Amino acid sequence: GSGRNKGSVIQKENPSVDEFRVRFFVAKEIRASLAELETKMGTEEEITEYTEGDTFYYFAGSFKKRAVANAYATYLKEKIGFDDAVVVAFKKGNPLEK
């Protein structure tokens, strides 16, 4: 055949990234209710909380591909009203981006 066979080289995302989550809400000092957020979201995606100092970050979903996470972030912005929804890369349960 023509062209070079790249063998098992598959185009990968950043190898240090385990997953992508969508940060949709940030709360200062006062922790948000996960139950209330889940009700507002109305989606099956898991909601996770990450705390840094007096700031609480709330993430939805866990996606292997950034493109899928981006689509979910767009959904949260347009359909649910979380205007600040943004995709964040994670490694071992910790955000790599702020």
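**View A. The salt bridge between Glu19 and Arg21.** Glu19 and Arg21 form a salt bridge in which the closest N and O atoms are 2.8 Å apart (a side-chain nitrogen of Lys or Arg within 4 Å of a carboxyl oxygen of Asp or Glu). Both Glu19 and Arg21 are buried (under 20% relative accessible area, with exposed over 50% and partly exposed in between; 1.4 Å probe, protein chains only). The model is predicted: local features need pLDDT of at least 70, side-chain atom pairs count only at pLDDT 80 or more, and totals for chains, interfaces and linings use all residues. Residues are numbered from 1 along each chain as its sequence is written, and side-chain values use heavy atoms, leaving out hydrogens and water.

**View B. The salt bridge between Glu49 and Arg31.** The N to O distance in this pair is 2.4 Å. Glu49 belongs to strand 2 (residues 47-52) and Arg31 to the loop between strand 1 and helix 1, 18 residues apart; helices (H or I, at least four residues) and strands (E, at least two) are DSSP runs, numbered from the N terminus. Glu49 is partly exposed at 25% relative accessible area, whereas Arg31 is exposed at 54%.

**View C. The salt bridge between Asp18 and Lys91.** Here the side chains meet at 3.7 Å, N to O. The pair links the segment before strand 1, which holds Asp18, to strand 4, which holds Lys91, 73 residues apart. Asp18 is partly exposed, with 30% relative accessibility, and Lys91 is partly exposed with 28%.

**View D. Surroundings of Phe24.** Beyond its neighbours within four places in sequence, Phe24 is in contact (heavy atoms within 4.5 Å) with residues including Leu37, Met41, Tyr58 and Leu76.
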